[in-house]
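Please consult the sequence and the structure shown here alongside the text.

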Amino acid sequence: FTGYSGCAGIAVDDANFYVACQQGSLGADVTILRIDRTTHAIHSYLVIPATGFFVTTKMNLAVFASDRTGDGIADFLYFMDDVPSVGVICDPAGANPTWSRPYFFGTGNGNYGLGFDPVANALWVFNDDTNQLIRFQ
C-alpha cells in the first residue's frame, strides 16, 4: 500500500478486509485500512497515534474480527502489537469507528500471542513475562 509501511495483521468479514499499517516509517502512527472485498477500494479510516498505543517500532501486529450479531460484518476488531495490551475497535465497518485500549497487563514488550475464540466469545493473549495465557471475556 503506497505511503504505508510495516503492514501486518489482517482480519476479514463478509464485506471487508482490515489491515493495520504504519503511516510512513516504522514507529509512526498506525492506520487501520478497510479494503472493500468487492471493489477493492481502500479506505484509511482510523488513525491510532503511536504515543497512544504503539510505543515501539516493531510491527508484529495481530488483528481479529468478531461478529457478535451474526450478520457477517465485524462488530469489533481486536489488535495487539508487542506491548502487553490489547486494543479494540468498535464498529469497524461503520462510518465512525472508535477504539480504546481496555486490556493492559504486565510490563515490557515482546508479547505476540493473540487469538479469538468465537465459540466461547473469548480473547486469548500470551504474556511472555509470566508465561501465562490470559483469557478476556
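The model is predicted: local features need pLDDT of at least 70, side-chain atom pairs count only at pLDDT 80 or more, and totals for chains, interfaces and linings use all residues. Residues are numbered from 1 along each chain as its sequence is written, and side-chain values use heavy atoms, with hydrogens and water left out.

Strand β1 (residues 4–12) runs antiparallel to β2, and 6 bridges join the two. Strands are DSSP runs (E, at least two residues) numbered from the N terminus, and two of them pair if DSSP finds at least two bridges between them. A hairpin of 3 residues connects β1 to β2, and V12 has F17 in β2 as its bridge partner. With strand β3 (residues 30–36), β2 forms 7 bridges in the antiparallel sense; here Y18 stands opposite R34 of β3.

## The sheet β9-β10-β11

An open sheet is built from 3 strands in the order β9-β10-β11, with antiparallel pairing. Because β9 (114–117) and β11 (132–136) each have a single partner strand, they stand at the edges and one side of each is left without a neighbour in the sheet. From one strand to the next, the twist averages 25 degrees, where axes are lines fitted to C-alpha atoms and angles run from 0 to 180 degrees between N-to-C directions.

Strand β10 (residues 122–127) is joined to the antiparallel β11 by 5 bridges. The bridge partner of V125 in β11 is I134.

Technical notes
Helices (H or I, at least four residues) and strands (E, at least two) are DSSP runs, numbered from the N terminus.
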